[in-house]
Amino acid sequence: MANGGPVEHGYPHLETVRAAVTALYRRLSYDTVRAFSVSVAPADVAFCDTDDLHLGSQRVARELVRHYRLPDARLIVGFREMTHAANVELAAGPEYFVELNDRFRTHRRDIGAALAHEVAHVYLHRLGLSFPGTRENEILTDTTATYLGAGWLLLDAFREDGASSQKLGYLTPEEFGYVLAKRSLAFGEDPSVWFTSAQAYTAYTKGVALARLDEQQPPLVSAGWAGRRRYARDRRHAEDHRGSAGRPDVPYSFTADGGGPLRVSFPCPTCRQRIRVPVKGRVRARCGLCRTVLECDT
């Protein structure tokens, strides 16, 4: 939790975020991911200063447990002084003890955001899905909360001005915006209408721009002129040399296995699973993981 200190911006964790989206689709399946097509509603996790602290926290926790479809999980919420925003004890269940930073006693509007992250920990724990390393696993948790419809609360808790700042979660504001944008493009849901933080809205618009750029990379037909020209040059090089290991500055790579026809591999713009198709002009590809149909000019 950044509380008054500097807030990191940009996309330093982008590759881990993208890997987390792919891992979600692989572990949950297309149908389960689609079951989260409706986000947590602001009214369901609203918390005003006149609400009882403990009863209100338990109410919000129950709503998030319901959203994550954990009907037999019960969260016991308490408060104490700590460095981080919150902590959850991942035991066997069905009861899970969550501790929130004492700061939330007087910043109750952000209790839903803190609990969205902690309940996502419980969800992933029950799935048996994790990444190696604490930081990578926290990024997976933030990405899961956001892609499954609760993480917009985490981005909305971001506030920054000349005198103070606050940010929850491990992703940067722009990375939260990117995952929210990927969700919006997949489900047709616009989260921007729920933001109470102007800084959160700005971060979301930056994330939207990057997410749309994913859909404009060759060999997709929506790629821009410069990208198509670069792709054609790289394809000629691959044809002359029977495949190529690829370049780090482009998302695609060419291969020609065993002297067979040239193929191009590229990430699905929705789930980031790599798709491999023959190089033969206009083709339609269907991602086997998220079922997105892609128009390509290979």
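**Entry 1: what I am looking at**

I noted at the start that this is a predicted model, and I read everything below with that in mind.

**Entry 2: the mixed sheet**

I began with the strands β2, β3 and β4. In which order do they lie in the sheet? I found an open sheet of three strands in the order β2-β4-β3, with mixed pairing. The edge strands are β2 and β3, each of which pairs on one side only. Neighbouring strands here are turned by 20° against each other on average, direction ignored.

Next I looked at each pairing. Strand β2 (residues 74-80) and strand β4 (residues 95-101) run parallel and are joined by seven bridges. Strand β3 (residues 86-88) runs antiparallel to β4, with three bridges between them.

I then picked out some partners. Val77 has Val98 of β4 as its bridge partner, and Val88 also stands opposite Val98 in β4. Phe79 stands opposite Leu100 in β4.

I also followed the chain from β3 into β4. The hairpin of these two strands has six residues between them, and Gly93 takes a positive phi near 85° there.

What lies across this sheet? I found helix α4 (residues 111-127) lying across β2, β3 and β4, and it runs at about 145° to β4.

**Entry 3: the antiparallel sheet**

Three strands form it in the order β7-β8-β9, and the pairing is antiparallel. β7 (253-255) and β9 (274-278) stand at the edges with a single partner strand each, so one side of each has no neighbour in the sheet. The twist from one strand to the next averages 30°.

I checked the pairing of β7 with strand β8 (residues 263-267): the two run antiparallel and are joined by three bridges. Ser253 has Ser265 in β8 as its bridge partner.

**Entry 4: aromatic rings**

How many aromatic pairs are there? I counted nine, taking ring centres within 6.5 Å as a pair.

I took a careful look at Tyr231 and Tyr252. Their ring centres are 5.0 Å apart and their planes stand at 75°, so I wrote this pair down as edge-to-face. The pair links distant parts of the chain: Tyr231 belongs to helix α9 (residues 225-241), while Tyr252 is in the loop between α9 and β7, and they are 21 residues apart. Are these two tyrosines, Tyr231 and Tyr252, buried or exposed? Both are buried.

I also noted one aromatic cluster formed by Tyr25, Tyr147 and Phe187.

**Entry 5: Arg69**

Arg69 is in the loop between α3 (53-67) and β2. The phi of Arg69 is near 60°, a positive value in a residue other than glycine. The charged end of Arg69 sits over the ring of Phe36, 4.5 Å from the ring centre. With a relative accessibility of 46%, Arg69 counts as partly exposed.

**Entry 6: cysteines**

How many disulfides does the structure hold? I found zero disulfides. I looked at Cys268 and saw that the nearest cysteine sulfur, that of Cys290, is 3.5 Å away. The cut-off for a disulfide is 2.5 Å between sulfur atoms, so Cys268 is in no disulfide.

Cys268 counts as buried, at 0% relative accessibility, whereas Cys48 counts as partly exposed, at 38%.

I looked up where a cis peptide bond occurs. A cis bond joins Pro218 and Pro219, with omega about 10°. Pro219 lies in the loop between α8 (198-214) and α9.

My last stop was Arg291, in the loop between β10 (282-286) and β11 (293-297). The phi of Arg291 is near 70°, a positive value in a residue other than glycine. Arg291 is partly exposed, with a relative accessible area of 38%.

Methods
Residues are numbered from 1 along each chain as its sequence is written. This is a predicted model: local features need pLDDT of at least 70, side-chain atom pairs count only at pLDDT 80 or more; totals for chains, interfaces and linings use all residues. Side-chain values use heavy atoms; hydrogens and water are left out. Two strands pair if DSSP finds at least two bridges between them. Helices (H or I, at least four residues) and strands (E, at least two) are DSSP runs, numbered from the N terminus. Axes are lines fitted to C-alpha atoms, for helices over the stretch in contact, and angles run from 0 to 180 degrees between N-to-C directions. Rings of Phe, Tyr and Trp (its six-membered ring) pair if their centres lie within 6.5 Å; planes under 30 degrees apart count as stacked, over 60 as edge-to-face and the rest as tilted. Buried means under 20% relative accessible area, exposed over 50%, partly exposed in between (1.4 Å probe, protein chains only). A charge sits over a ring if NZ of Lys or CZ of Arg is within 6 Å of the ring centre and within 35 degrees of the ring normal. Contact means heavy atoms within 4.5 Å.
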